[in-house]
Amino acid sequence: MKKNILSALGILVLCIAFWVQWNWKHIEAFPSIISSFYSKEFCSCQYVMKLSEEQCHNFARQWVPISEFINDKEKKEVIVTGLGRTNKSVFLSEKLGCVIANE
């Protein structure tokens with residue numbers, strides 16, 4: 001009985017390791033998605049839709065929390081850090097909206 005359970009667990013671990021290796025580029029990209037999404041959505045909400053800061057935080061909020069947030073109203077840019085990755089979105093114009101800027 002113990003051998004069967006250990007064998008099943010071993011096969012499960014190998015399957016998970018194979019899946020992680022197969023999907024590594026997607027898994028590696030996930031942490032950047034959190035901060036880039038939040039910065040872009042908040043920037044669009046604040047500077048294109050002209051909603052309040054509280055409304056925009058609610059609009060951009062996700063299940064995974066962010067660790068740092070900077071809204072530079074003078075430069076019209078939003079910098080967000082989440083899961084160890086930092087991304088910045090910048091407002092271009094009413095017509096073009098906000099874009100994610102590389103730092």
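Modeller: Helices (H or I, at least four residues) and strands (E, at least two) are DSSP runs, numbered from the N terminus. The model is predicted, so local features need pLDDT of at least 70 and side-chain atom pairs pLDDT 80 or more, while totals for chains, interfaces and linings use all residues. Residues are numbered from 1 along each chain as its sequence is written, and side-chain values use heavy atoms, without hydrogens or water.

Colleague: In which strand is Ser89 found?

Modeller: Ser89 belongs to strand S3, residues 85-93.

Colleague: Does Ser89 count as buried or exposed?

Modeller: Buried means under 20% relative accessible area, exposed over 50%, and partly exposed in between (1.4 Å probe, protein chains only). Ser89 has 0% relative accessibility and so counts as buried. Cys15, at 46%, counts as partly exposed.

Colleague: How many disulfides does the structure hold?

Modeller: A disulfide is a pair of cysteine sulfur atoms within 2.5 Å. The structure holds 2. Cys43 and Cys98 are joined with S to S 2.1 Å. That pair links distant parts of the chain, Cys43 in helix H2 (residues 24-48) and Cys98 in strand S4 (residues 97-101), 55 residues apart. Both Cys43 and Cys98 are buried. Cys45 is joined to Cys56, S to S 2.2 Å. Cys45 lies in helix H2 and Cys56 in helix H3 (residues 53-60), so this pair ties together parts 11 residues apart in sequence.

Colleague: What is the pairing of the bonded cysteines, numbered in sequence order?

Modeller: The pairing is 1-4, 2-3.

Colleague: Which residues form one aromatic cluster?

Modeller: Rings of Phe, Tyr and Trp (its six-membered ring) pair if their centres lie within 6.5 Å; planes under 30 degrees apart count as stacked, over 60 as edge-to-face and the rest as tilted. The cluster consists of Tyr38, Phe42 and Phe69. The count of aromatic pairs comes to 4. For Tyr38 and Phe69, centres 6.2 Å apart and planes at 75° make the pair edge-to-face.
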